[in-house]
Amino acid sequence: MGNADFERPHPVAIPPTKPFLNSLKSALKETLFPDDPFSQFQKQSPSRKFILGLRYFVPILEWAPRYTFAFFRADVIAGITIASLAVPQGISYANLANLPPIIGLYSSFVPPLVYAMLGSSKDLAVGTVAVASLLISSMLGKVVNPNEDPKHYVQLALTATFFAGVFQSALGFLRLGFIVDFLSHATIVGFMGGAATVVCLQQLKGILGLVHFTHGTDLVSVMRSIFSQTHQWRWESGVLGCCFLFFLILTRYFSKRKKWFFWINAMAPLTSVVLGSVLVYLTHAEKHGVQVIGHLKKGLNPPSISELAFGSPHLMTAIKTGIITGVIALAEGVAVGRSFAMFKNYHIDGNKEMIAFGMMNIAGSCTSCYLTTGPFSRTAVNFNAGCKTAVSNIVMATAVMITLLFLTPLFHYTPLVVLSSIIIAAMLGLIDYEAAIHLWKIDKFDFFVCISAYIGVVFGSVEIGLVIAVTISLLRMLLFVARPRTFLLGNIPNSMIYRSVDQYPTANCVPGVLILQIDAPIYFANANYLRERISRWIYEEEDRLKSTGEPTLQYVILDMSAIGSIDTNGLSMLEEVEKNTDRKGLKLVLANPRSEVIKKLEKAKFIEKIGQEWIYLTVGEAVAACNFMLHACKSNTVTAQEFDAQGHV
């Protein structure tokens, strides 16, 4: 069987072979440097290269010369606004992490200064976040009780922050930021929602004025702890907490109704702290069961390099906590930065952001700060306040510095119940049920990942929920690789276009020809499956033709346009498919093999085996060749029958 008389209008070209080192260099460049950061250094003098390199790693040197007074005025307003949110949030989240409240204030001073120099986002406002605080509390609290050994607990928290910074900066320097992409949107939605639910439940301790509370974060443990201590509930604390929570939710509601009201929502936490402190001071509520922060020492961040617990028996727990919180902080910070960059139509470099996050956490761990990133709530306030550059972070840090130097005694009477209300109000915004509903409408599997993460966090632990979600996401990815889709193609009427008959029911199958499309690269993980699936397509097509009485199957065309690469297992699979079709009296035809695929087919001598004349540029040309051969064979058969009839006569 041959098609030598059929002229192919567009023969398939085999690209020239590149040296292995050049191919490896190109692959590494595309993997690690897709943004081509070295292009700006080409044809530059050594001094110019040094300046460009300095600007690349310290972005403030790039935009500072163009900074104007108008920008400064806008950044001052935005910085003061987010400082009013940073002070109560810093104290609240430190309390959530079971750390001294002053560490929360420290964490809003040094890290924002570092980020302002190294970060590439104009809008990101740096600070502590609830989810990371909860992770630190739940993971470190299992090995060290913060109430019984507070000094060692703080040391472990600082050590975890140090390793989080090392891990984050290493990802940035090694250009491995794509690792964070394994946390899918569905995973983050479910994880954040579950963590927010757990945080809200944990704050019932402060709302109800309980002294003793479970260290577990799961729903069952929290509910058991709450309802087993009903005799210790304090109605004074509960009423105060509910009132402030209602006030905070009301201000958020108004801020969503009208954009200008974001000022009210931004100032609401600080207003709550001031009102709560004044109320407790005037009524002496601390003597009636309302717990207060107590003494906060004045002064800036003390150095804490000597406090890093590298010799602690729980060092591995601190490292694990640092890596997990570091990944979560990166995912949240980079996602938030990119989201707001889209509104202003500029680009942020993910690897630069990782370096900035890493360096600010390393610096923070050495200056009595715990893990910081770019929280959504603070960044949204910064954006709405009209920030122009990262100078707003410097203004915020300056305001926090003034607070640390002069205003900390004013927080002595701040009730813990107000801090609990602030945390609950902030966390309610992280339970994104609308995103979950959207996932259900668009992709049921993504919704399953989201709900699995949520259930894992709420009924297990934060770590369990994260592991479940990531595992399911990876399994889904592996399934896509191991079980790629194959489609039966048909001809769109009155055209030379061939598409899936499932998508286009009007597409017609070509008599005597089976056209299949493989929708993924062919690797060792899916080679056996594809061989069996192609064989099944052939069996099913032959059975269908027998039952309908149509012409028998003669050709099998594989559309390889979606196969970007193939390994040795894939080549062996194609050889087996060719042998199987040959045994059945069928001919295997290839259409549109890609550059990498055709090179390997040529090196493996598969082209020589199948015949160059059976490889076509398009499915249309392959079908035309098969139809030509079918008609040629039919004509030859008719001629032989006529000759036999004449001889017989």
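Let's start with the lining of the largest cavity. This is a predicted model. Eight names to look for: Leu 183, Thr 187, Ile 188, Phe 191, Met 192, Ile 328, Ala 331 and Leu 466 line the largest cavity. Which elements give two or more residues to that lining? They are helix 9, residues 185-202, and helix 14, residues 315-344. Helix 9 gives the most, with four residues.

By class, seven residues are nonpolar and one is polar. The volume is about 40 Å³. How many cavities of 30 Å³ or more does the structure hold? Three.

A word on how we look for such spaces. Rolling a probe the size of a water molecule over the atoms shows where empty space is left.

Next, the second largest pocket. About 800 Å³ of space lies in this pocket. Its lining has 33 residues. Which of them are closest to the centre? Asn 95, Asn 98, Asn 147, Lys 205 and Leu 416.

Helix 4 (69-96), helix 7 (130-140) and helix 8 (150-173) each supply at least two residues. So do helix 10 (204-207) and helix 18 (416-428). By class, the pocket lining has 17 polar residues and 15 nonpolar ones.

On to helix packing. Two packed helices are described by the angle between their axes and the distance between the axes. Take helix 7, from the pocket lining, and helix 9, from the cavity lining. Their axes come within 10 Å and cross at roughly 65°. That makes helix 7 roughly perpendicular to helix 9, because angles of 65 to 115 degrees count as roughly perpendicular. Left-handed or right-handed? The crossing of helix 7 and helix 9 is left-handed.

Last, the overall layout. The chain is divided into two domains: domain 1 covers 69-477, and domain 2 covers 483-643. How far apart are the centres of domain 1 and domain 2? Taken over C-alpha atoms, 57 Å separate them.

Notes: Residues numbered from 1 in each chain as written. Predicted model: local features only at pLDDT ≥ 70, side-chain atom pairs only at ≥ 80, totals over all residues. Heavy atoms only, no water. Domains from an automatic or database assignment. 1 Å grid on protein atoms, 1.4 Å probe; cavity = no way out; pocket = protein on both sides within 12 Å on 5 of 7 lines; lining within 4 Å. Points joined across faces, edges and corners; volume = space filled by probe spheres on them. Nonpolar A, V, L, I, M, F, W, Y, C, P; charged D, E, K, R; others polar. Axes fitted to C-alpha atoms, helices over the stretch in contact; angles between N-to-C directions. Parallel < 35°, antiparallel > 145°, perpendicular 65-115°, else oblique. Left-handed = near helix turned anticlockwise from the far one by under 90°.
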